[in-house]
Amino acid sequence: MRALCLIRTQPGMVDKVTETLFSKKYTIIKEVMPVTGRADVCVVLQSSIDKINSTIVGFKKIKNIVSTETLIELEVDMGW
C-alpha cells in the first residue's frame, strides 16, 4: 500500500523538516520533496497500513511540523 503525507511546517522550517525526515531513516519513506501549494513537504510512503499509521503518528512528534494530511492509495478493481 502507498500513501502521500502532506506536511505543513512552521515558516522557514522546510529545509530543517526535510533533513529530519531523511535523517530518521524511516524504511517506509520512498521520497521526500519540498512542494508548493497548501503543503510544504510531501512524503511518499510504502508499507502496510499499520506501519504507515505509526510513522505518521511519529511525524507529529517532529519539531516544526504544524500539521499533516495523509492520502491513502485505494486499491480498486477497474475490471480492465
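Trainee: Leaving aside neighbours within four places in sequence, which residues is Ile-7 in contact with?
Mentor: Keep in mind that this is a predicted model. With sequence neighbours within four places set aside, the partners of Ile-7 include Val-41, Val-43, Ile-65, Ser-67 and Thr-68.

Trainee: How many residues does the largest nonpolar core have?
Mentor: Ile-7 is among the residues with the most contacts inside this core, along with Cys-5, Leu-21, Val-43, Leu-45 and Phe-59. Two or more residues come from each of strands S1, S2 and S3 and helices H1 and H2. The core's size is 16 residues.

Trainee: Is Phe-59 buried or exposed?
Mentor: Buried means under 20% relative accessible area. Phe-59 has 0% relative accessibility, so this residue counts as buried.

Trainee: Which geometry does the aromatic pair of Tyr-26 and Phe-59 have?
Mentor: The count of aromatic pairs comes to one. Its ring centres are 5.5 Å apart, with 75° between the planes. Tyr-26 sits in the loop between H1 and S2 and Phe-59 in helix H2, 33 residues apart. Planes over 60 degrees apart count as edge-to-face, so the 75° here makes the pair edge-to-face.

Trainee: Which backbone oxygen does the side chain of Ser-23 reach?
Mentor: Ser-23 is found in helix H1, and is partly exposed at 49% relative accessible area. At 3.0 Å, its side chain reaches the backbone oxygen of Thr-20.

Key
Residues numbered from 1 in each chain as written. Predicted model: local features only at pLDDT ≥ 70, side-chain atom pairs only at ≥ 80, totals over all residues. Heavy atoms only, no water. Core = buried A, V, L, I, M, F, W, Y, C linked by side-chain atoms within 4.5 Å. Buried < 20%, exposed > 50% of the residue type's maximum accessible area, 1.4 Å probe, protein only. Helix = DSSP H or I, 4+ residues; strand = E, 2+ residues; numbered from the N terminus. Contact = heavy atoms within 4.5 Å. Phe/Tyr/Trp six-rings, centres within 6.5 Å; stacked < 30°, edge-to-face > 60°. Polar contact = N/O pair within 3.5 Å; in protein donor to acceptor, adjacent residues only side chain to side chain.
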